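Take a walk through this model, one stop at a time. Keep the sequence and the 3D view side by side.

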Amino acid sequence: MYRFALILGMLAAIGPFAIDMYLPAMPGIAEDLNASAGGTQLTLTAFFLAFGVSQLVYGPWADQVGRKRPLYTGLTIFALGSVGCVLAPTLPVLVACRFLQGMGGAVVMVMPRAIVRDMHTGPKATRLMATVMLVISVSPMLAPLAGSAVMGLGGWRGIFAILAVVGVLGLVLTARALPETLPLERRVPVNLKSLGRGLRTLLSDPTFLGLTFIAGFGMASFFVFLASASFVYVDQFGLSPTGFSLAFAVNAIGFFSASQVAGPLAERIGITRVIVLGVGAFLCFSLTTLSLVAAGGGLPVIMGGLFLGNAGLGLVIPTVSVMALDAHGKIAGLAASLGGTLQMVTGGLMIVVSGLFFDGTAVPMLAIIASCAVMAALLAASTLPRLIRAQRAAAV
C-alpha cells in the first residue's frame, strides 16, 4: 500500500508544487512585470479556477477510458503551460499561461482520489488517502524553499522551467510505475444523458455537497493564505524569501502531522467524530488568532495560530474527501471531479474576496480565513446528522 501511496502522492504533489514553489517570487514578479499585489494574485486565481473547472472534464473521461490516458493528457498540458510561463513577457500573458497550467494540473487532483476509491472505501480509503496526503504535505515544506533556491540562480522564470521538467517526470512516472485501476468491465460510457444523470445525482445529494464544501472552505482558507502570506510575511514583517519559506513550512507541518492520524483515529472513534474534532479545532484557532492579531499580536501569534488551525484541517480534508465519494462508487471519477471543481472554485472566489480587502497586513487575511472556518462549521452542523443517519441505516 505504501509504495502505491507514494506514487499517487508524487503525482498529486505536482499541483501543490505549481502553487507553492513560486510563492516566494510573487513580490519579485510584481516588481519585474510592473504589477500590483492584487494583479499578481490573479496568477493564483487563474490557476485555481482552471484547476477546478477542468476537473469536470477529467473525471467523466476517466470513468470512460480509465485513469491513465487523462493523466497523460493533463500532464502534457501542464508542461506546455509551464513553458509558456517561462517565456511570459507581461502579467496578462503570465495569467493566461497559469490558466493553461491549471487546466493540465487539474488531472492530478482528480485521479488519485478516484484511484483510491477504485481500491477501497471507508476507513481503509481514509488511511490510504492520508498516506497520499503525507507525500503531498511535504511539498508545502520543500516547494517554497526550492523556489527560493531557484530564484537565486535563475530568477522567478527558472521556477517555471523546473515545473515544466516536473510535468515531464510525472508523465514518465505514470507510464512506468502506475497501474490501471479501472478495469474494462467497470468503465462507464460517457454521453450527455449519462453525464446529466450523474450530475443530478450528485447535486441532489446534500451529504455529498455538504462534505464537499466542508473541505472546500477548509481548502479556501489555505488558498487565501497562499495568495496573501508572501506579501504579509515579506512586506509587513520583513522576512526574506527564504525566511518566508521556512515560516510557510511551519503551517504545512501542522496539516501534515494531523493528517497522518486521521485514518487510525477514524477507526478508533468513528469518522464523524474526527470531522467534528477537526472542524472545531479549525474554527477555534482561526477565531482566536484573528482576535489576538487584531489586538496587536505579531508574527509568532500568526504562525502558531495557523499551525494549530491547519492541524484541524489535517483531520478534516482527507476524511471528508473520501466520505463524499463513499456512496458514489459507480461514478467515482465524476464525483471526484465535481467535488474538486466546487472546492477549487470556492478557493478562487475567496482569493478574489480577500483581494478586495487586502491592505498588506495580516488582519484581512486572517479575517477571511476565520470566515471560511465559520462556513465549514455551519456546514458540518447541517451535514453530519444526515451522515450519521445514513450510516445507521446501512448498518441495519
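Helices here are DSSP runs of H or I with at least four residues, numbered from the N terminus. The model is predicted, so local features need pLDDT of at least 70, side-chain atom pairs count only at pLDDT 80 or more, and totals for chains, interfaces and linings use all residues. Residues are numbered from 1 along each chain as its sequence is written, and side-chain values use heavy atoms, without hydrogens and water.

Start at Arg117. Helix H8, residues 107-119, holds Arg117. Arg117 counts as buried because its relative accessibility is 17%; buried means under 20% relative accessible area, exposed over 50% (1.4 Å probe, protein chains only). Beyond its neighbours within four places in sequence, Arg117 touches Leu325, Asp326, Gly329 and Ala332. Contact means heavy atoms within 4.5 Å.

Now go to the surface. Leu378 sits in helix H16. Leu378 is exposed, at 53% relative accessible area.

Next, look inside. Rolling a probe the size of a water molecule over the atoms shows where empty space is left. A cavity is a set of points, on a 1 Å grid over the protein atoms alone, where a 1.4 Å probe fits but cannot get out; lining residues have an atom within 4 Å of a point. Which residues lie nearest the centre of the second largest cavity? They are Phe282, Ser286, Leu306, Asn310 and Ile369, out of 15 lining residues. Helices H11, H13, H14 and H16 each supply at least two residues of that lining.

Note on methods
1 Å grid on protein atoms, 1.4 Å probe; cavity = no way out; pocket = protein on both sides within 12 Å on 5 of 7 lines; lining within 4 Å.
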